Amino acid sequence: MKRNMSELFGFGKGWGTIIYCLLMFWFYAGMVNDSSNIVAPAVAERLGIPAGNVLNMGTVAAMVGVIFFFILGWVNRKIGARMTSFICLILAGIGYFGMGHAGSLVQYGISLCVCTIGAMSAGYIAGGALVASWFPKKKGIVMGYTTMGHNMATGFFVPLITILVVRLGVKNAVVIPAVLVIVLAVMGLFLMRNTPQERGVNPDNVSDEEYHSQYFNSETDDDGGWTVKKLFSKKTFWLVAVASGGFQFVSTIIITQLVVRNQQVGFTQAQAVKIMTILAFAGIAGSWIIGALDQKIGTKKTMIFFGIWYAAALLLEVTEIPALVIVFLIMFALALGGSANFTTSLPAAVFGRHGFKKVNSVLFPIQALVSSFGFMVNGNVLNATGSLRMSYVIAAIASVGVVILVLFINEHEYNRDFMTEEQAEALTKQLKEK
(Lines give C-alpha, C1' and ligand atoms only; values in the text may rest on other atoms or scores of the structure.)
Protein backbone atom coordinates (compact mmCIF):
# COMPACT_ATOMS: atom_id res chain seq x y z
CA MET A 1 0.00 0.00 0.00
CA LYS A 2 2.79 2.39 0.94
CA ARG A 3 4.61 1.63 -2.31
CA ASN A 4 1.44 2.22 -4.34
CA MET A 5 0.95 5.60 -2.68
CA SER A 6 4.58 6.46 -3.39
CA GLU A 7 4.11 5.63 -7.07
CA LEU A 8 1.10 7.95 -7.27
CA PHE A 9 2.19 10.84 -5.05
CA GLY A 10 5.82 10.43 -3.95
CA PHE A 11 7.64 12.82 -6.26
CA GLY A 12 9.49 14.98 -3.73
CA LYS A 13 11.29 17.85 -5.44
CA GLY A 14 9.83 16.61 -8.72
CA TRP A 15 6.53 18.30 -7.92
CA GLY A 16 7.98 21.59 -9.12
CA THR A 17 8.72 20.07 -12.51
CA ILE A 18 5.22 18.55 -12.66
CA ILE A 19 3.52 21.88 -11.93
CA TYR A 20 5.70 23.68 -14.48
CA CYS A 21 4.80 21.16 -17.19
CA LEU A 22 1.12 21.39 -16.18
CA LEU A 23 1.18 25.16 -16.63
CA MET A 24 2.92 24.89 -20.01
CA PHE A 25 0.14 22.53 -21.13
CA TRP A 26 -2.44 24.98 -19.75
CA PHE A 27 -1.15 27.75 -21.97
CA TYR A 28 -0.70 25.48 -25.00
CA ALA A 29 -4.21 24.02 -24.79
CA GLY A 30 -5.72 27.39 -23.95
CA MET A 31 -4.02 29.51 -26.59
CA VAL A 32 -3.79 27.05 -29.48
CA ASN A 33 -6.74 24.67 -29.07
CA ASP A 34 -9.44 25.82 -26.67
CA SER A 35 -9.50 29.52 -27.45
CA SER A 36 -10.12 28.73 -31.13
CA ASN A 37 -13.72 28.26 -29.99
CA ILE A 38 -13.84 31.97 -29.17
CA VAL A 39 -10.89 33.78 -30.77
CA ALA A 40 -11.21 32.22 -34.24
CA PRO A 41 -14.89 33.20 -34.72
CA ALA A 42 -14.17 36.67 -33.28
CA VAL A 43 -11.27 37.20 -35.69
CA ALA A 44 -13.34 35.85 -38.59
CA GLU A 45 -16.15 38.27 -37.77
CA ARG A 46 -13.77 41.20 -37.47
CA LEU A 47 -12.10 40.34 -40.79
CA GLY A 48 -15.40 39.50 -42.51
CA ILE A 49 -14.36 36.01 -43.64
CA PRO A 50 -15.78 32.48 -43.08
CA ALA A 51 -14.90 30.92 -39.75
CA GLY A 52 -13.79 27.74 -41.54
CA ASN A 53 -11.01 29.68 -43.27
CA VAL A 54 -9.66 30.84 -39.91
CA LEU A 55 -9.89 27.32 -38.47
CA ASN A 56 -7.90 25.93 -41.41
CA MET A 57 -5.00 28.10 -40.29
CA GLY A 58 -4.58 25.65 -37.40
CA THR A 59 -3.53 22.93 -39.82
CA VAL A 60 -1.29 25.36 -41.70
CA ALA A 61 0.36 26.38 -38.42
CA ALA A 62 0.99 22.80 -37.36
CA MET A 63 2.39 21.87 -40.77
CA VAL A 64 4.72 24.86 -40.77
CA GLY A 65 5.52 23.95 -37.19
CA VAL A 66 6.82 20.53 -38.21
CA ILE A 67 9.95 22.14 -39.68
CA PHE A 68 10.49 24.24 -36.58
CA PHE A 69 9.79 21.31 -34.25
CA PHE A 70 12.81 19.57 -35.77
CA ILE A 71 14.85 22.72 -35.22
CA LEU A 72 13.65 23.25 -31.65
CA GLY A 73 14.19 19.56 -30.92
CA TRP A 74 17.81 20.08 -31.94
CA VAL A 75 17.97 23.24 -29.82
CA ASN A 76 16.54 21.32 -26.87
CA ARG A 77 19.32 18.75 -27.15
CA LYS A 78 21.98 21.47 -27.28
CA ILE A 79 20.86 23.91 -24.57
CA GLY A 80 18.54 21.80 -22.42
CA ALA A 81 14.83 21.82 -21.64
CA ARG A 82 14.95 24.70 -19.14
CA MET A 83 16.33 27.24 -21.62
CA THR A 84 14.33 25.83 -24.53
CA SER A 85 11.06 26.18 -22.63
CA PHE A 86 11.96 29.78 -21.76
CA ILE A 87 12.50 30.68 -25.43
CA CYS A 88 9.40 28.82 -26.59
CA LEU A 89 7.06 30.34 -24.00
CA ILE A 90 8.22 33.82 -25.04
CA LEU A 91 7.40 32.95 -28.66
CA ALA A 92 3.98 31.68 -27.59
CA GLY A 93 3.17 34.98 -25.90
CA ILE A 94 4.28 37.04 -28.89
CA GLY A 95 2.28 34.86 -31.28
CA TYR A 96 -0.89 34.99 -29.20
CA PHE A 97 -0.67 38.78 -29.02
CA GLY A 98 -0.35 38.87 -32.81
CA MET A 99 -3.38 36.60 -33.33
CA GLY A 100 -5.69 39.08 -31.64
CA HIS A 101 -4.19 42.07 -33.45
CA ALA A 102 -4.08 40.52 -36.94
CA GLY A 103 -5.39 42.76 -39.72
CA SER A 104 -5.68 39.97 -42.27
CA LEU A 105 -5.93 36.19 -42.52
CA VAL A 106 -2.26 36.03 -43.50
CA GLN A 107 -1.21 37.97 -40.39
CA TYR A 108 -3.41 35.75 -38.25
CA GLY A 109 -1.89 32.66 -39.82
CA ILE A 110 1.67 33.85 -39.22
CA SER A 111 0.90 34.75 -35.60
CA LEU A 112 -0.81 31.41 -35.03
CA CYS A 113 2.27 29.68 -36.45
CA VAL A 114 4.50 31.47 -33.93
CA CYS A 115 2.12 30.75 -31.05
CA THR A 116 1.68 27.09 -32.02
CA ILE A 117 5.39 26.48 -32.52
CA GLY A 118 6.24 28.14 -29.22
CA ALA A 119 3.50 26.64 -27.07
CA MET A 120 3.70 23.10 -28.47
CA SER A 121 7.49 23.01 -28.32
CA ALA A 122 7.46 24.23 -24.73
CA GLY A 123 4.91 21.64 -23.58
CA TYR A 124 5.89 18.63 -25.63
CA ILE A 125 9.56 18.99 -26.62
CA ALA A 126 10.94 20.71 -23.52
CA GLY A 127 8.27 19.35 -21.18
CA GLY A 128 8.56 15.85 -22.60
CA ALA A 129 12.31 15.89 -22.02
CA LEU A 130 11.79 17.02 -18.43
CA VAL A 131 9.28 14.24 -17.73
CA ALA A 132 11.45 11.53 -19.33
CA SER A 133 14.50 12.69 -17.38
CA TRP A 134 12.83 13.19 -14.01
CA PHE A 135 10.30 10.32 -14.10
CA PRO A 136 11.44 7.46 -16.39
CA LYS A 137 9.35 4.78 -14.67
CA LYS A 138 6.60 6.99 -13.28
CA LYS A 139 5.95 8.91 -16.50
CA GLY A 140 2.43 7.43 -16.78
CA ILE A 141 1.01 8.93 -13.61
CA VAL A 142 3.14 12.07 -14.00
CA MET A 143 1.61 12.70 -17.44
CA GLY A 144 -1.75 12.20 -15.74
CA TYR A 145 -0.90 15.19 -13.56
CA THR A 146 0.69 17.38 -16.24
CA THR A 147 -2.14 16.85 -18.74
CA MET A 148 -4.54 18.22 -16.17
CA GLY A 149 -3.33 21.47 -17.69
CA HIS A 150 -5.41 20.65 -20.78
CA ASN A 151 -8.54 20.22 -18.69
CA MET A 152 -7.85 23.32 -16.64
CA ALA A 153 -7.47 25.28 -19.88
CA THR A 154 -10.93 24.16 -20.91
CA GLY A 155 -12.30 25.00 -17.46
CA PHE A 156 -10.60 28.35 -16.93
CA PHE A 157 -9.11 29.60 -20.19
CA VAL A 158 -12.28 29.41 -22.30
CA PRO A 159 -14.50 31.29 -19.79
CA LEU A 160 -11.67 33.79 -19.22
CA ILE A 161 -11.10 34.53 -22.90
CA THR A 162 -14.87 34.59 -23.52
CA ILE A 163 -15.38 37.29 -20.88
CA LEU A 164 -12.35 39.25 -22.10
CA VAL A 165 -13.44 39.16 -25.75
CA VAL A 166 -16.97 40.30 -24.86
CA ARG A 167 -15.80 43.13 -22.61
CA LEU A 168 -12.56 44.24 -24.25
CA GLY A 169 -12.71 43.00 -27.83
CA VAL A 170 -10.39 40.36 -29.22
CA LYS A 171 -7.45 42.79 -29.62
CA ASN A 172 -7.25 43.61 -25.93
CA ALA A 173 -8.44 40.20 -24.74
CA VAL A 174 -5.29 38.42 -25.88
CA VAL A 175 -2.93 40.73 -23.99
CA ILE A 176 -3.46 39.25 -20.51
CA PRO A 177 -2.71 35.59 -21.45
CA ALA A 178 0.25 36.75 -23.55
CA VAL A 179 1.77 38.55 -20.55
CA LEU A 180 1.08 35.64 -18.19
CA VAL A 181 2.83 33.08 -20.39
CA ILE A 182 5.91 35.31 -20.53
CA VAL A 183 5.86 35.52 -16.72
CA LEU A 184 5.87 31.70 -16.61
CA ALA A 185 8.84 31.68 -18.98
CA VAL A 186 10.88 33.87 -16.64
CA MET A 187 9.91 31.82 -13.59
CA GLY A 188 10.91 28.60 -15.34
CA LEU A 189 14.27 30.02 -16.31
CA PHE A 190 15.15 30.68 -12.69
CA LEU A 191 13.42 27.78 -10.92
CA MET A 192 13.60 24.73 -13.22
CA ARG A 193 16.45 22.21 -13.66
CA ASN A 194 17.02 19.83 -16.56
CA THR A 195 17.69 16.71 -14.48
CA PRO A 196 16.81 15.53 -10.96
CA GLN A 197 20.52 15.10 -10.23
CA GLU A 198 20.88 18.89 -10.46
CA ARG A 199 18.49 19.01 -7.48
CA GLY A 200 20.40 16.31 -5.62
CA VAL A 201 17.79 13.56 -6.11
CA ASN A 202 17.44 10.46 -8.28
CA PRO A 203 14.97 9.93 -11.14
CA ASP A 204 11.49 8.99 -9.88
CA ASN A 205 12.64 10.22 -6.44
CA VAL A 206 13.90 6.71 -5.61
CA SER A 207 16.62 5.85 -3.12
CA ASP A 208 20.26 5.45 -4.17
CA GLU A 209 19.99 1.72 -3.57
CA GLU A 210 16.96 1.31 -5.82
CA TYR A 211 18.39 3.58 -8.49
CA HIS A 212 21.62 1.59 -8.75
CA SER A 213 19.88 -1.79 -8.72
CA GLN A 214 16.75 -1.15 -10.80
CA TYR A 215 17.89 1.40 -13.42
CA PHE A 216 20.41 1.28 -16.26
CA ASN A 217 23.30 3.51 -15.19
CA SER A 218 26.06 2.77 -17.67
CA GLU A 219 27.27 5.65 -19.79
CA THR A 220 25.64 6.27 -23.16
CA ASP A 221 26.14 9.22 -25.47
CA ASP A 222 23.67 12.11 -25.24
CA ASP A 223 21.60 10.68 -28.10
CA GLY A 224 21.53 7.15 -26.66
CA GLY A 225 23.05 5.89 -29.91
CA TRP A 226 20.06 7.00 -31.98
CA THR A 227 20.30 8.82 -35.30
CA VAL A 228 17.51 10.00 -37.58
CA LYS A 229 18.36 7.23 -40.04
CA LYS A 230 18.24 4.53 -37.35
CA LEU A 231 14.92 5.81 -36.01
CA PHE A 232 13.34 6.01 -39.45
CA SER A 233 14.44 2.42 -40.12
CA LYS A 234 12.51 1.08 -37.11
CA LYS A 235 8.89 0.04 -37.69
CA THR A 236 8.21 0.66 -33.99
CA PHE A 237 9.21 4.31 -34.36
CA TRP A 238 6.51 4.90 -36.97
CA LEU A 239 3.90 2.97 -35.02
CA VAL A 240 4.63 5.05 -31.90
CA ALA A 241 4.61 8.36 -33.80
CA VAL A 242 1.34 7.78 -35.64
CA ALA A 243 -0.47 6.10 -32.73
CA SER A 244 0.41 8.77 -30.16
CA GLY A 245 -0.35 11.53 -32.67
CA GLY A 246 -3.59 9.79 -33.64
CA PHE A 247 -5.32 10.34 -30.31
CA GLN A 248 -4.25 13.99 -30.44
CA PHE A 249 -5.81 14.19 -33.91
CA VAL A 250 -9.09 12.93 -32.45
CA SER A 251 -8.96 15.35 -29.52
CA THR A 252 -8.10 18.27 -31.80
CA ILE A 253 -11.24 17.58 -33.85
CA ILE A 254 -13.40 17.62 -30.74
CA ILE A 255 -12.03 20.24 -28.38
CA THR A 256 -11.22 22.99 -30.89
CA GLN A 257 -14.88 23.28 -31.89
CA LEU A 258 -16.77 21.72 -28.98
CA VAL A 259 -18.67 24.94 -28.23
CA VAL A 260 -19.73 25.23 -31.86
CA ARG A 261 -20.71 21.56 -32.05
CA ASN A 262 -22.75 21.73 -28.86
CA GLN A 263 -24.61 24.70 -30.29
CA GLN A 264 -25.36 22.63 -33.40
CA VAL A 265 -27.03 19.92 -31.29
CA GLY A 266 -29.24 22.41 -29.46
CA PHE A 267 -27.33 24.17 -26.69
CA THR A 268 -27.00 27.96 -26.48
CA GLN A 269 -23.50 29.46 -26.55
CA ALA A 270 -23.71 30.20 -22.83
CA GLN A 271 -24.75 26.61 -22.11
CA ALA A 272 -22.01 25.28 -24.41
CA VAL A 273 -19.33 27.28 -22.58
CA LYS A 274 -20.67 26.09 -19.22
CA ILE A 275 -20.55 22.51 -20.48
CA MET A 276 -16.89 22.92 -21.37
CA THR A 277 -16.21 24.23 -17.89
CA ILE A 278 -18.00 21.29 -16.24
CA LEU A 279 -16.22 18.85 -18.52
CA ALA A 280 -12.91 20.38 -17.65
CA PHE A 281 -13.30 19.83 -13.92
CA ALA A 282 -14.47 16.26 -14.50
CA GLY A 283 -11.58 15.83 -16.91
CA ILE A 284 -9.07 16.68 -14.20
CA ALA A 285 -10.10 13.45 -12.49
CA GLY A 286 -10.10 11.75 -15.89
CA SER A 287 -6.48 12.72 -16.53
CA TRP A 288 -5.45 11.30 -13.18
CA ILE A 289 -7.37 8.06 -13.80
CA ILE A 290 -5.74 7.56 -17.21
CA GLY A 291 -2.33 8.30 -15.67
CA ALA A 292 -2.96 5.88 -12.80
CA LEU A 293 -4.08 3.17 -15.25
CA ASP A 294 -0.95 3.80 -17.33
CA GLN A 295 1.16 3.36 -14.21
CA LYS A 296 -0.75 0.26 -13.06
CA ILE A 297 -1.35 -1.79 -16.22
CA GLY A 298 1.04 -0.21 -18.69
CA THR A 299 0.79 2.29 -21.52
CA LYS A 300 -0.19 -0.20 -24.23
CA LYS A 301 -3.20 -1.68 -22.41
CA THR A 302 -4.31 1.77 -21.31
CA MET A 303 -4.23 3.06 -24.90
CA ILE A 304 -6.31 0.11 -26.12
CA PHE A 305 -8.95 0.75 -23.46
CA PHE A 306 -8.81 4.48 -24.15
CA GLY A 307 -9.29 4.09 -27.91
CA ILE A 308 -12.31 1.82 -27.57
CA TRP A 309 -13.84 4.17 -24.98
CA TYR A 310 -13.22 7.19 -27.20
CA ALA A 311 -14.75 5.59 -30.31
CA ALA A 312 -17.84 4.44 -28.42
CA ALA A 313 -18.38 7.93 -26.99
CA LEU A 314 -18.08 9.57 -30.42
CA LEU A 315 -20.52 7.16 -32.04
CA LEU A 316 -23.07 8.02 -29.35
CA GLU A 317 -22.63 11.73 -30.10
CA VAL A 318 -23.26 11.48 -33.84
CA THR A 319 -26.74 10.09 -33.20
CA GLU A 320 -27.59 13.64 -32.05
CA ILE A 321 -30.12 12.15 -29.64
CA PRO A 322 -30.05 14.52 -26.61
CA ALA A 323 -29.75 11.79 -23.97
CA LEU A 324 -26.89 10.09 -25.86
CA VAL A 325 -25.13 13.42 -26.40
CA ILE A 326 -25.13 13.86 -22.62
CA VAL A 327 -23.65 10.36 -22.23
CA PHE A 328 -20.97 11.31 -24.78
CA LEU A 329 -20.11 14.43 -22.81
CA ILE A 330 -19.72 12.40 -19.61
CA MET A 331 -17.53 9.83 -21.37
CA PHE A 332 -15.53 12.57 -23.08
CA ALA A 333 -14.69 14.08 -19.69
CA LEU A 334 -12.52 11.03 -18.99
CA ALA A 335 -10.85 11.29 -22.38
CA LEU A 336 -10.30 15.06 -22.35
CA GLY A 337 -6.76 15.05 -21.02
CA GLY A 338 -5.88 11.42 -21.61
CA SER A 339 -4.85 11.72 -25.25
CA ALA A 340 -2.09 14.18 -24.37
CA ASN A 341 -0.77 11.70 -21.81
CA PHE A 342 0.34 9.31 -24.53
CA THR A 343 2.37 11.82 -26.56
CA THR A 344 5.15 11.49 -23.99
CA SER A 345 4.17 8.34 -22.12
CA LEU A 346 4.26 6.01 -25.15
CA PRO A 347 7.62 7.18 -26.58
CA ALA A 348 9.13 7.22 -23.08
CA ALA A 349 7.85 3.68 -22.45
CA VAL A 350 9.21 2.31 -25.72
CA PHE A 351 12.51 4.22 -26.00
CA GLY A 352 13.25 5.13 -22.37
CA ARG A 353 15.12 8.12 -21.02
CA HIS A 354 18.49 7.36 -22.64
CA GLY A 355 18.58 9.52 -25.74
CA PHE A 356 14.95 10.56 -25.28
CA LYS A 357 15.66 14.14 -26.35
CA LYS A 358 17.00 12.83 -29.66
CA VAL A 359 14.09 10.43 -30.16
CA ASN A 360 11.51 13.07 -29.26
CA SER A 361 13.11 15.69 -31.50
CA VAL A 362 12.41 13.42 -34.47
CA LEU A 363 9.17 11.84 -33.27
CA PHE A 364 7.27 14.88 -32.00
CA PRO A 365 7.08 16.71 -35.36
CA ILE A 366 5.41 13.63 -36.82
CA GLN A 367 2.96 13.51 -33.90
CA ALA A 368 2.20 17.18 -34.45
CA LEU A 369 1.68 16.69 -38.17
CA VAL A 370 -0.80 13.86 -37.56
CA SER A 371 -2.60 15.94 -34.91
CA SER A 372 -2.76 19.00 -37.16
CA PHE A 373 -5.08 17.34 -39.65
CA GLY A 374 -7.84 17.71 -37.04
CA PHE A 375 -8.07 21.42 -37.84
CA MET A 376 -8.29 20.68 -41.56
CA VAL A 377 -11.00 18.06 -41.03
CA ASN A 378 -13.12 20.52 -39.05
CA GLY A 379 -12.58 23.43 -41.43
CA ASN A 380 -13.39 21.45 -44.57
CA VAL A 381 -16.32 19.54 -43.07
CA LEU A 382 -17.79 22.77 -41.66
CA ASN A 383 -17.44 24.60 -44.98
CA ALA A 384 -18.82 21.66 -46.97
CA THR A 385 -21.77 20.61 -44.79
CA GLY A 386 -22.35 23.43 -42.31
CA SER A 387 -22.14 20.85 -39.52
CA LEU A 388 -19.37 19.07 -37.62
CA ARG A 389 -21.20 15.74 -37.40
CA MET A 390 -19.04 14.01 -40.02
CA SER A 391 -15.91 15.19 -38.20
CA TYR A 392 -16.97 13.09 -35.23
CA VAL A 393 -17.49 10.03 -37.46
CA ILE A 394 -13.96 10.48 -38.82
CA ALA A 395 -12.65 10.83 -35.26
CA ALA A 396 -14.34 7.58 -34.18
CA ILE A 397 -12.79 5.69 -37.09
CA ALA A 398 -9.39 7.18 -36.23
CA SER A 399 -9.70 6.01 -32.61
CA VAL A 400 -10.26 2.43 -33.74
CA GLY A 401 -7.32 2.77 -36.13
CA VAL A 402 -5.03 3.82 -33.28
CA VAL A 403 -6.06 0.77 -31.24
CA ILE A 404 -5.08 -1.48 -34.15
CA LEU A 405 -1.67 0.20 -34.44
CA VAL A 406 -1.00 -0.09 -30.70
CA LEU A 407 -1.56 -3.86 -30.84
CA PHE A 408 1.66 -4.15 -32.86
CA ILE A 409 3.84 -2.13 -30.43
CA ASN A 410 6.32 -3.76 -28.03
CA GLU A 411 5.90 -1.47 -25.02
CA HIS A 412 9.50 -1.48 -23.70
CA GLU A 413 11.35 -2.55 -26.84
CA TYR A 414 14.24 -0.06 -26.54
CA ASN A 415 13.88 1.00 -22.89
CA ARG A 416 17.12 0.15 -21.11
CA ASP A 417 15.63 0.69 -17.66
CA PHE A 418 13.36 -2.31 -18.27
CA MET A 419 16.15 -4.58 -19.60
CA THR A 420 18.72 -6.73 -17.91
CA GLU A 421 22.17 -5.17 -17.88
CA GLU A 422 23.29 -7.59 -20.59
CA GLN A 423 20.34 -6.71 -22.84
CA ALA A 424 20.89 -2.98 -22.33
CA GLU A 425 24.60 -3.25 -23.11
CA ALA A 426 23.80 -5.27 -26.24
CA LEU A 427 21.36 -2.59 -27.42
CA THR A 428 23.93 0.14 -26.77
CA LYS A 429 26.51 -1.81 -28.78
CA GLN A 430 24.05 -2.42 -31.60
CA LEU A 431 23.17 1.27 -31.88
CA LYS A 432 26.83 2.25 -31.96
CA GLU A 433 27.32 0.17 -35.09
CA LYS A 434 26.89 2.04 -38.38
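Which residue forms a salt bridge with Arg261 in which the closest N and O atoms are 2.9 Å apart? In this structure, which is a predicted model, the partner is Glu317, and the closest nitrogen and oxygen atoms of the two residues are 2.9 Å apart. The pair links distant parts of the chain, since Arg261 sits in helix α13 (residues 258–264) while Glu317 belongs to helix α15, 56 residues away. Side chains of opposite charge can pair when their charged atoms come close. Arg261 counts as buried because its relative accessible area is 0%, and Glu317, at 1% relative accessibility, is buried as well.

Arg261 also takes part in a salt bridge with Glu320, where the side chains meet at 2.9 Å, N to O. Here too distant parts of the chain are linked, with Arg261 in helix α13 and Glu320 in the loop between α15 and α16, 59 residues apart. Through shared partners, these salt bridges join Arg261, Glu317 and Glu320 into one network.

Returning to the charged pairs, the count of salt bridges comes to five. One of them joins Lys139 to Asp294, whose closest N and O atoms are 3.5 Å apart. Lys139 lies in helix α7 (residues 139–146) and Asp294 in helix α14 (residues 269–297), so this pair ties together parts of the chain that are 155 residues apart in sequence. Lys139 has a relative accessible area of 7% and is therefore buried, and Asp294, at 3% relative accessibility, counts as buried too.

The next stop is helix α4, which covers residues 51–79. At 1.5 Å a residue, the 29 residues of this helix should span 42 Å, and the end C-alpha atoms are 39 Å apart, which agrees with that expectation. Along its course, α4 bends by about 40° at Val66. Just after α4 comes Gly80, which takes a positive phi of about 95°.

The elements that give two or more residues to the lining are α4, α6 (105–134) and α18 (356–385), and α6 gives the most, with three residues. Sorted by class, the lining has eight nonpolar, 10 polar and eight charged residues.

Notes
Residues numbered from 1 in each chain as written. Predicted model: local features only at pLDDT ≥ 70, side-chain atom pairs only at ≥ 80, totals over all residues. Heavy atoms only, no water. Helix = DSSP H or I, 4+ residues; strand = E, 2+ residues; numbered from the N terminus. Expected span 1.5 Å × (residues − 1). Bend = angle between axes of the 7 residues up to and from the residue. Nonpolar A, V, L, I, M, F, W, Y, C, P; charged D, E, K, R; others polar. Salt bridge = Lys/Arg side-chain N within 4 Å of Asp/Glu carboxyl O. Buried < 20%, exposed > 50% of the residue type's maximum accessible area, 1.4 Å probe, protein only.
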